[in-house]
Amino acid sequence: MLPQDDCLASVKLFNQFAERYAEKYFDLEQYDRFYAMFAALLPSAAHVIDIACGPGNVSAYLLRHRPDLSLTGVDLAPKMIDIARQRVPAGQFFVGDCRRLHELATGCDGAVFAFGLSYLNQTDAEQFFTSLNRVLNADAVLLLSTISASESSSRYERSSSGDELLTVYRTPQEMSDMLVSYGFEVRFVELVASPANAPSPTQDVVLIAKKLAQQI
């Protein structure tokens with residue numbers, strides 16, 4: 001029997017509850033100040049990719065405040081993409097795997113990866129960053145947010161539907177080191193408490209980094 005693809009298992013669950021997720025988080029403003037910081041670093045008419053874009057909440061903020069942007073949203077859950085297309089008509093949204101971004105985009109000046117890394121094991125995370133490097137221009141800006149912890153760990157957590165979801169907790173230092181190893185310069189790091197409506201309280205980390213060189 002082939003081993004379970006934990007990423008696809010997570011996608012299946014997010015696809016199942018896409019409408020509920022959008023209702024819960026689309027209008028959340030807690031991270032807006034980080035999106036504003038990211039947007040301020042982008043050049044005019046920049047091409048931005050929103051990875052694991054979900055219902056398009058980050059894309060909506062960026063296009064509302066920077067209508068000059070060319071924005072591509074990617075998510076492997078088809079229902080999330082359907083919602084994003086409805087809610088953010090100014091963006092272009094496609095079903096796609098974050099581990100194979102190079103099949104979907106190229107020449108990006110900026111990228112957002114909001115909490116998708118929380119559901120990628122180490123092998124999948126390495127595939128993601130390798131692919132990300134192939135689609136980003138030198139000097140591109142990355143906004144990365146993920147759940148965090150004082151010690152690294154990963155475990156299967158049971159959702160309200162009874163399904164198991166692999167959740168990966170990485171330390172802020174581990175995240176910074178990972179970005180540096182893939183050719184980024186970390187410009188900003190901040191720890192924040194999870195939203196009040198999150199299933200369980202966690203510590204989140206938000207990083208903004210600059211791509212220093214193209215990696216193959």
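This is a predicted model: local features need pLDDT of at least 70, side-chain atom pairs count only at pLDDT 80 or more; totals for chains, interfaces and linings use all residues.
Local features need pLDDT of at least 70, side-chain atom pairs count only at pLDDT 80 or more, and totals for chains, interfaces and linings use all residues. Residues are numbered from 1 along each chain as its sequence is written, and side-chain values use heavy atoms, with hydrogens and water left out.

A salt bridge here is a side-chain nitrogen of Lys or Arg within 4 Å of a carboxyl oxygen of Asp or Glu. By this rule the model has eight salt bridges.

| Pair | N to O distance |
|---|---|
| Arg-99 and Asp-5 | 3.2 Å |
| Arg-99 and Asp-97 | 2.8 Å |
| Arg-99 and Asp-124 | 3.1 Å |

Helices (H or I, at least four residues) and strands (E, at least two) are DSSP runs, numbered from the N terminus. Asp-124 lies in helix α6 (residues 122-135), so its pairing with Arg-99 ties together parts 25 residues apart in sequence.

A network of salt bridges links Asp-5, Asp-97, Arg-99, Arg-100 and Asp-124.

How exposed or buried are these residues? Buried means under 20% relative accessible area, exposed over 50%, and partly exposed in between (1.4 Å probe, protein chains only). Arg-99 is buried, at 7% relative accessibility. Asp-97 is buried with a relative accessible area of 7%. Asp-124 is buried as well. Asp-5 is partly exposed, at 27%.
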